[in-house]
Amino acid sequence: MAGIFERIALMFKTKANKALDKYEDPRETLDYSYQRQLELLQKVRRGVADVATSRKRVELQAQKMSSEMEKLQLSAQRALTSNREDLAREALTRKAGLQQQMDDLQAQHAQLQGEEEKLVRASTRLQAKVDAFRTRKETIKATYSAAEAQTRINEAFSGISEEMGDVGLAIQRAEDKTLQMQARASAVDELLASGALEDPTGTYKDDITRELDELASGASVENELAAMRAQLTGGEAPQAIDAPEATVTTVTNQEDQA
């Protein structure tokens, strides 16, 4: 049972990692890392400032203590000059106590100075690393942005190519349909002309019928023209030209008569 739960947990972790990887922007990750490094650098610098402040405080205490020791030294000399050996001894005793404190302050000062120097060196190294990381970060971000733009351009071109392919297919289908309709119209024309199909409207005429109609029309025009000439010259109108009878029959009717 435990193995099953482990496998399920691993599966969810894998899917979560894939989802995070899909939506993760490396530029944001780099900026976040750079911000964290800056915060760390600021902490180191504050540490340097704190140690330097403590060192300076110790130096001020040492200066004050040194001034007091000098005063006690002068007081002991004056007391000894005044034959007050007891006061001189007391002044020197106090001076000795201050000297012990001075030694402690000097040791503390040396320790603080060493810590300060270490922090300064660490801060300098960290500053160099942060600067290098910033340069590298900007380079990576610029490269990533260029790659992202190129990818989008390629995807755009790919989309255009697909659309052009669809347009090409549409044109091909339209041309095929046009050829099919032209072939169908031609075939119907041939079938009507051959009589294999009957024209229900009666408007279709075969070649012979069309020739007879053209002759009849031509004869009518000649007769009318001759009559107009006769009127102009005052003569008799010439005999009308007989036009052949234009009989409109379909192949189907001819076959019925036969």
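V44 is found in helix α2, where helices are DSSP runs of H or I with at least four residues, strands are runs of E with at least two, and both are numbered from the N terminus. The structure described here is a predicted model, in which local features need pLDDT of at least 70 and side-chain atom pairs count only at pLDDT 80 or more, while totals for chains, interfaces and linings use all residues. Residues are numbered from 1 along each chain as its sequence is written, and side-chain values use heavy atoms, with hydrogens and water left out.

With a relative accessible area of 17%, V44 is buried; buried means under 20% relative accessible area, exposed means over 50%, and partly exposed lies in between (1.4 Å probe, protein chains only). Setting aside residues up to four places away in sequence, V44 touches L119, S123 and L126, a contact being heavy atoms within 4.5 Å. V44 and S123 are 79 residues apart along the chain, yet their C-alpha atoms are separated by 6.1 Å.

The secondary structure of the chain consists of five helices and zero strands. Read from the N terminus, the order of elements is α-α-α-α-α. Of the 258 residues, 15% count as buried. The chain exposes about 20,200 Å², of which carbon and sulfur atoms supply 55%; accessible areas come from the Shrake-Rupley method with a 1.4 Å probe, and for residues only the protein chains shown count as cover. Among contacts in the chain with a separation of 6 or more, 75% are between residues 24 or more positions apart.

Confidence in the model was then considered. The mean pLDDT of the chain is 77, and 66% of the residues reach 70 or more; pLDDT is the predictor's confidence in each residue, from 0 to 100. Among the elements, α2 has the highest mean pLDDT (91), and helix α5 (residues 251-257) has the lowest (42). Over residues 243-258 pLDDT stays under 50, and the model has 21 contacts beyond four places in sequence for this stretch. Where pLDDT is low, the predicted coordinates should not be read in detail.

The geometry of α2 was compared with expectation. At 1.5 Å a residue, the 56 residues of α2 should span 82 Å, and the end C-alpha atoms are 82 Å apart, which agrees. The expected span of a helix is 1.5 Å times one less than its number of residues. At the start of α2, a side-chain oxygen of D25 comes to within 3.1 Å of the backbone nitrogen of R27. Just after α2, N83 takes a positive phi of about 60°, although N83 is not a glycine. Most residues other than glycine have a negative phi. N83 is placed in the loop between α2 and α3 and counts as exposed, at 71% relative accessibility.

The largest nonpolar core contains 14 residues, of which M65, M69, L98, M102 and L105 touch the most other members. Such a core is a set of buried Ala, Val, Leu, Ile, Met, Phe, Trp, Tyr and Cys residues joined through side-chain atoms within 4.5 Å. Helices α2 (26-81) and α3 (85-194) each supply at least two residues of this core, and α2 gives the most, with eight residues. Beyond its neighbours within four places in sequence, M102 is in contact with A62, M65, S66 and M69. A second, separate core of five residues includes Y34, V44, L126 and V130.

Polar side chains were also examined. K137 lies in helix α3 and counts as buried because its relative accessibility is 4%. The side chains of K137 and D31 are joined by a polar contact of 3.2 Å. A polar contact is a pair of N or O atoms within 3.5 Å; within protein, one must be able to donate a hydrogen and the other to accept it, and residues adjacent in sequence count only if both atoms are side-chain atoms. Residues up to four places away not being counted, K137 touches L30, D31 and Y34. R27, in helix α2, is likewise buried, at 17% relative accessibility. A polar contact of 3.0 Å links the side chains of R27 and S145. Apart from its neighbours within four places in sequence, R27 is in contact with K141, Y144, S145 and E148.

A107 is placed in helix α3 and counts as partly exposed, at 46% relative accessibility. Between A107 and V58 there are 49 residues of separation in sequence and 10.0 Å in space, C-alpha to C-alpha.
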